[in-house]
Amino acid sequence: MEAKRYPITVESFHYDLVKQDTPVKNDLQVAMRQIQWSDPKRQEELKKGNLFEMMIPFDVVPDNSGFEISGKITQIVQVMDYFGEANELPQEELGKLSRPLVETIETLTYQVTAVALDQGVNLQFGPNEEQPGQH
């Protein structure tokens with residue numbers, strides 16, 4: 001499926017030091033909801049496919065890392081020639097649509113830890129951590 005992507009928005013990103021023995025947390029939720037343009041001039045775009053807002057709230061404590069990250073990343077995506085509901089999209093497509101947002105979390109984490117800890121930490125979320133859910 002072809003998709004038109006709008007800019008990724010980092011609504012919040014928090015980095016906090018925690019004790020080394022803090023339990024591992026890998027809470028990464030992918031949600032998707034259909035949206036409509038409120039601007040009447042943009043209504044014509046909806047004839048090309050439905051618009052969805054991808055949202056990933058996250059709260060992660062990597063194993064024995066000494067830090068926690070949390071926040072929310074969003075992006076508007078138009079799925080071209082698709083007029084169904086978010087929950088009707090195949091899981092594989094949801095994974096592809098959400099991957100750039102997950103990569104943003106990975107990149108932000110690496111960059112912040114490179115500065116804060118003087119060593120960047122690579123997070124690599126796989127399909128198990130990004131189980132898309134529709135809302």
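Predicted model: local features only at pLDDT ≥ 70, side-chain atom pairs only at ≥ 80, totals over all residues.
I take buried to mean under 20% relative accessible area, exposed over 50%, and partly exposed in between, with a 1.4 Å probe and protein chains only. Residues are numbered from 1 along each chain as its sequence is written, and side-chain values use heavy atoms, without hydrogens and water.

**Entry: the chain overall**

I looked up the secondary structure, where helices (H or I, at least four residues) and strands (E, at least two) are DSSP runs numbered from the N terminus. The protein chain has 7 strands and 1 helix, in the order β-β-β-β-β-β-α-β from the N terminus. Along the principal axes, the C-alpha atoms fill a box of roughly 50 × 25 × 20 Å.

Of the 135 residues in the protein chain, 42% are buried. I then read off the accessible surface (Shrake-Rupley method, 1.4 Å probe; for residues, only the protein chains shown count as cover). The total is about 7,800 Å², and carbon and sulfur atoms hold 48% of that.

For contacts I use heavy atoms within 4.5 Å. Among contacts with a separation of 6 or more, 74% are between residues 24 or more positions apart.

**Entry: cores**

I define a nonpolar core as a set of buried Ala, Val, Leu, Ile, Met, Phe, Trp, Tyr and Cys residues joined through side-chain atoms within 4.5 Å. The largest one has 24 residues, and M32, I69 and I105 have the most contacts inside it. Two or more residues each come from strand 4 (30–35), strand 5 (51–61), strand 6 (67–79) and helix 1 (91–116). In soluble globular proteins, nonpolar side chains tend to be buried together.

Is T74 buried or exposed? T74, in strand 6, counts as buried because its relative accessibility is 4%. I list polar contacts as N or O atom pairs within 3.5 Å; within protein, one atom must be able to donate a hydrogen and the other to accept it, and residues adjacent in sequence count only if both atoms are side-chain atoms. The T74 side chain makes such a contact with the side chain of E11 at 3.2 Å. Leaving out residues up to four places away in sequence, I find T74 touching P7, I8, T9, E11, E53, M54, M55 and L101.

T113 lies in helix 1 and is buried, since its relative accessible area is 0%. Its side chain reaches the backbone oxygen of T109 at 2.8 Å. Beyond four places in sequence, T113 is in contact with Y15, F67, D118, Q119, G120 and V121.

**Entry: loop residues**

L117 sits in the loop between helix 1 and strand 7 (132–134). L117 is classed as partly exposed because its relative accessible area is 33%. With residues up to four places away set aside, L117 touches Y15, L17 and F67. I also checked L117 against E11: they are 106 residues apart along the chain, and their C-alpha atoms are separated by 23 Å.

Which phi does N64 have? N64 is not a glycine, yet its phi is positive, at about 50°. N64 is in the loop between strand 5 and strand 6 and is exposed, at 52% relative accessible area.

D81 is likewise not a glycine and has a positive phi, of about 60°. I place D81 in the loop between strand 6 and helix 1, where D81 is exposed with a relative accessible area of 67%.
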